[in-house]
Amino acid sequence: LYHSTGNVIVNNRISHVQSNAILLWDMSGNNILRANVINSSYNGISLHYSSNNNTVVNNEVSQIDSWTIIFDDSSGNIVYQNSFLDSAIEAYDNGLNYWSFGRQGNYWGDYEGQDKDEDDILDVPYRIAPNGTDSFPLTGPKPITLVPIPELEPATPPIIVEPPGPRDVVIT
């Protein structure tokens, strides 16, 4: 999405992309990325150049060659309940973003730790260079919950009623 607002990207299976599987670019804000499965691509999810205030929730990203998730010059984004499955994850955040919501962070395949209180949240936050922190990293991946998509019915063409007889139009 380029300079795009208010979109919902849901329930996609994206694989074998030689560039960015999902890319929000140049002031693409207030979008929702949800229930997407991304694998075998160069980059996973990328937000660049003031792509602010987006929500990235309940996605699964695996088998990525370069960056699993990037926030480059973008802030105010909320990222939670995602499963980043690779054991050698490359995540990047040079903005001010939220990597958890309501004590729900993300699962990081390259991160292991203790969960002493057994609340399914690791006890030590996950660091995302250079500015990010997932304060509530999850102990295991979250299952993808598909978003119900309503069925659309064909639109009824409008009925246009013309007044009887000729009409005069004056343009000055």
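**Strand pairs, burial and ring pairs**

Me: What makes strand S8 and strand S11 a pair?
Reply: S8 covers residues 60–64 and S11 covers residues 83–84. They are joined by 2 bridges, in the parallel sense. Two strands pair if DSSP finds at least two bridges between them, so the 2 bridges of S8 and S11 qualify. Strands here are DSSP runs of E, at least two residues long, numbered from the N terminus. Glutamate 60 stands opposite serine 83 in S11.

The model is predicted: local features need pLDDT of at least 70, side-chain atom pairs count only at pLDDT 80 or more, and totals for chains, interfaces and linings use all residues. Residues are numbered from 1 along each chain as its sequence is written, and side-chain values use heavy atoms, with hydrogens and water left out.

Me: What order do the 5 strands of the open sheet take?
Reply: The order is S2-S5-S8-S11-S13, with parallel pairing.

Me: Why are strand S2 and strand S13 called edge strands?
Reply: S2 (13–15) and S13 (107–108) each pair on one side only.

Me: Why is serine 28 called buried?
Reply: Its relative accessibility is 0%. Buried means under 20% relative accessible area, exposed over 50%, partly exposed in between (1.4 Å probe, protein chains only). The 0% of serine 28 is under 20%, so serine 28 counts as buried. Serine 28 lies in the loop between strand S3 (20–25) and strand S4 (32–34).

Me: Which backbone oxygen does the side chain of serine 28 reach at 3.1 Å?
Reply: That of leucine 1. The side chain of serine 28 also reaches the backbone oxygen of tryptophan 25, at 3.0 Å.

Me: Why is the aromatic pair of phenylalanine 71 and tryptophan 99 called tilted?
Reply: The structure holds 8 aromatic pairs. In this one, phenylalanine 71 and tryptophan 99 are 5.1 Å apart centre to centre, with 45° between the planes. Rings of Phe, Tyr and Trp (its six-membered ring) pair if their centres lie within 6.5 Å; planes under 30 degrees apart count as stacked, over 60 as edge-to-face and the rest as tilted. The 5.1 Å is within 6.5 Å and 45° falls in the rest, so the pair is tilted.

Me: How do you know that this pair links distant parts of the chain?
Reply: Phenylalanine 71 sits in strand S9 (residues 69–72). Tryptophan 99 is in the loop between strand S12 (91–93) and S13, 28 residues apart from phenylalanine 71.

Me: Is tryptophan 99 buried or exposed?
Reply: Tryptophan 99 counts as buried, because its relative accessibility is 1%. Phenylalanine 71, at 0%, counts as buried too.

Terms used. Helices (H or I, at least four residues) and strands (E, at least two) are DSSP runs, numbered from the N terminus. A polar contact is a pair of N or O atoms within 3.5 Å; within protein, one must be able to donate a hydrogen and the other to accept it, and residues adjacent in sequence count only if both atoms are side-chain atoms.
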